[in-house]
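Please read the points below alongside the sequence and the coordinates.

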Amino acid sequence: MPKTRTHRPRRTAAVLRDRRRANRAHRDMTQRVKVSDYLTVLGMEQTDIDRYGSWAGKHIVNAYRAAHFGHDPRKTRKRTAPCKGYPKGRWIKVCVYRITEPALIIGCASYKRTAPFVQGIYTPAA
């Protein structure tokens, strides 16, 4: 009877994939910022972030795509607040940006609800 092989390469690949994911998540946590965190840094109230953060994120991602030839920013997962059917909240994908990314300021300046918070930082070219 021939001896059957164990699939160690698959297991090794899974371990390496999980390690890459963990390293990427740590790097994103230390070097990149979500839109909600950026709006907090700008001084926006938490209730306003909950209300207008999604639209601000849409303006910021459009500014990012315009600056980066249509490419999407990196995404990470975020747990939402508890809601009906999800007592612990849902996991959603959100975009993360480097804090030095100009698209954060440009996107906030293009949205009327966040424009007052970046008024002194960004002035559009004439």
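1. Basis. This is a predicted model, in which local features need pLDDT of at least 70 and side-chain atom pairs count only at pLDDT 80 or more, while totals for chains, interfaces and linings use all residues. Residues are numbered from 1 along each chain as its sequence is written, and side-chain values use heavy atoms, with hydrogens and water left out.

2. Secondary structure. The chain has four helices and three strands, taken as DSSP runs (helices H or I, at least four residues; strands E, at least two) and numbered from the N terminus. Their order along the sequence is α-β-α-α-β-β-α.

3. Surface and contacts. About 9800 Å² of the chain is accessible surface, and carbon and sulfur atoms hold 54% of that (Shrake-Rupley method, 1.4 Å probe). Of the 126 residues, 26% are buried (under 20% relative accessible area, 1.4 Å probe, protein chains only). Among contacts (heavy atoms within 4.5 Å) with a separation of 6 or more, 53% join residues 24 or more positions apart.

4. Helix 4. In helix 4 (residues 102-110) the buried residues are A103, L104, G107 and C108. They lie on the same side of helix 4, because their arc around the axis is only 130° (from the directions from the helix axis to the C-beta atoms). Their cover includes strand 1, helix 2 (35-42), helix 3 (46-67) and strand 3 (91-98).

5. R32. Is R32 buried or exposed? R32, in strand 1 (residues 32-34), is buried, at a relative accessible area of 17%. Leaving out residues up to four places away in sequence, R32 touches R27, R74, V96, Y97 and R98.

Definitions and conventions
Buried < 20%, exposed > 50% of the residue type's maximum accessible area, 1.4 Å probe, protein only.
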